[in-house]
Amino acid sequence: MIDLTKTWVITGTSTGFGKSLAIYLAQKDDVNLVATARHTDQLAYLDQYDHGQILKQTLDVTKQDEIAATVKAVNDKFGGLDVLINNAGLGYFGTFEESDRDAVRYMFDVNVWGLVDMTRAVLPTMRAQKSGIIVNFSSIAGLASFPTLSFYHGTKHAVEGITDSLAQEVADQGIKFMLIEPSGFRTDWAGRSSQKAMPKIAAYQQFADSIEGSKTGAHHEAGDPDKAAAIIYDQVTNHAADLPLHLPLGKFASDMAIAKYEKSLGEFKAERDLSISADQPE
Ligand SMILES: NC(=O)c1ccc[n+]([C@@H]2O[C@H](COP(=O)([O-])OP(=O)(O)OC[C@H]3O[C@@H](n4cnc5c(N)ncnc54)[C@H](OP(=O)(O)O)[C@@H]3O)[C@@H](O)[C@H]2O)c1
């Protein structure tokens, strides 16, 4: 009988989407689960499921040595790696002018470079297997933009562009990608995982309420991370052949994605003659 067990590696499983995915996958017989976290003592919730197919691994995605140790541990224990979920991520609320440079650079280290370094670490294994799926957590913020999130948008737009290009580079190696683009989900993201810089400049006081609202709205979002986990598992397991590159999750994400692309399409079409007029004559 062919063994269809797949090995899944998830970053950032202490809370939120990562935890929901880890709990969902821990209950599947066809999954070897590698649950990673900066502090593995936060993964005690997995102990009730431990049946020899679960590996807990210390991983801060900004630390190259921990990334290398994780990929080695996965290959040693499970002999390969089929699905990488690049989930770990932070937020930052503040106006462009008033955002703290070091804090937003660190967010790029986690949201962009952490995802990049994890991906580069697993690609040799996936290329050798000629198969693999990488699920990258973007956001509706990777497609559409709102005030006070400029640098968060920067990280998620970077994830979108890097993923789309890389997907084309490795398509003939049997490696596929899916970008998860959620709207607000009930996790720790808007709370402890997002710094907030309240406006001090008078011209930006108009944004104080929305930044304050991101604090008070935390844990009241519409999105259910347990439902997201089930959808992601189903897409990867049952729809791998026609995996969507983009998957907005939540009604607001779907509405915003459609509105944003319809608006852009209308602009591109209206500008068509002007756009073409910039080329040299043939
Ligand atoms: N929730 C939403 O509304 C929403 C919407 C769109 C996109 N997203 C994206 O969803 C992803 C998961 O976030 P979440 O909503 O589940 O929020 P969350 O509950 O705050 O979870 C964030 C996870 O990232 C981990 N993390 C942070 N820095 C890390 C690092 N340097 N190395 C490894 N792990 C690190 C955290 O670990 P610690 O416990 O150690 O801090 C935590 O496990 C993020 O990429 C976020 O941008 C969220």
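Analyst: What follows goes through the helix pairs one by one, then turns to the ligand and to some residues in loops. The model is a predicted one, and the description below should be read with that in mind.

On one side it meets helix H2, residues 64-78, and the two axes come within 10 Å of each other and cross at roughly 30°. Since angles under 35 degrees count as roughly parallel, H2 and H3 are therefore described as roughly parallel to each other. The crossing in which H2 passes H3 is right-handed. On the H2 side the contact is formed by Gln64, Ile67, Val71 and Asn75, while H3 contributes Asp117, Met118, Ala121, Val122 and Thr125. Sorted by class, the residues of this contact of H2 with H3 comprise 5 nonpolar, 3 polar and 1 charged.

H3 also packs against helix H4, residues 150-169, with an angle of about 20° between them and axes 8 Å apart. H3 and H4 are therefore roughly parallel to each other as well, and H3 passes H4 in a right-handed crossing. From H3, the residues that take part are Val104, Met107, Phe108, Asn111, Val112, Leu115, Val116, Thr119 and Leu123, and they meet Phe151, Tyr152, Gly154, Thr155, Lys156, Ala158, Val159, Ile162 and Leu166 in H4. The contact of H3 with H4 is made up of 13 nonpolar, 4 polar and 1 charged residues.

The pair formed by helix H1, residues 16-26, and helix H6, residues 225-238, has axes that come within 8 Å and cross at roughly 60°. H1 and H6 are therefore oblique to each other, and their crossing is right-handed. Gly16, Phe17, Ser20, Leu21, Tyr24 and Leu25 of H1 make the contact with Pro225, Asp226, Ala228, Ala229, Ala230, Ile232 and Tyr233 of H6. In this contact of H1 with H6, 10 residues are nonpolar, 2 are polar and 1 is charged.

Some of these helix residues lead on to the ligand. Tyr152, which H4 brings to its contact with H3, has a polar side-chain atom 2.7 Å from an oxygen atom of the ligand. Gly16, which belongs to the contact of H1 with H6, has a polar backbone atom 3.4 Å from an oxygen atom of the ligand. Serine 14 places a polar side-chain atom 2.5 Å from a ligand oxygen atom. In total, 31 residues surround the ligand, and the closest of them are Ser14, Arg38, Tyr152, Thr187 and Ser193.

The loops that join these elements also deserve a look. Lysine 130 lies in the loop between H3 and strand E6, residues 132-137, and has a positive phi of about 60° although it is not a glycine. Threonine 148 sits in the loop that runs between E6 and H4, and its phi is near 75°, again a positive value in a residue other than glycine. Leaving aside residues up to four places away in sequence, tyrosine 204 touches Thr95, Glu97, Glu98 and Pro199. The C-alpha atom of tyrosine 204 is separated by 39 Å from that of threonine 36, and the two residues are 168 apart along the chain.

Terms used:
Residues are numbered from 1 along each chain as its sequence is written. This is a predicted model: local features need pLDDT of at least 70, side-chain atom pairs count only at pLDDT 80 or more; totals for chains, interfaces and linings use all residues. Side-chain values use heavy atoms; hydrogens and water are left out. Axes are lines fitted to C-alpha atoms, for helices over the stretch in contact, and angles run from 0 to 180 degrees between N-to-C directions. Helices (H or I, at least four residues) and strands (E, at least two) are DSSP runs, numbered from the N terminus. Angles under 35 degrees count as roughly parallel, over 145 as roughly antiparallel, 65 to 115 as roughly perpendicular and the rest as oblique. A crossing is left-handed if the near helix is turned anticlockwise from the far one by less than a right angle, and right-handed if clockwise. Contact means heavy atoms within 4.5 Å. Ala, Val, Leu, Ile, Met, Phe, Trp, Tyr, Cys and Pro count as nonpolar, Asp, Glu, Lys and Arg as charged, and the others, Gly among them, as polar. A residue is near a molecule or strand if one of its heavy atoms lies within 4 Å of it. A polar contact is a pair of N or O atoms within 3.5 Å; within protein, one must be able to donate a hydrogen and the other to accept it, and residues adjacent in sequence count only if both atoms are side-chain atoms.
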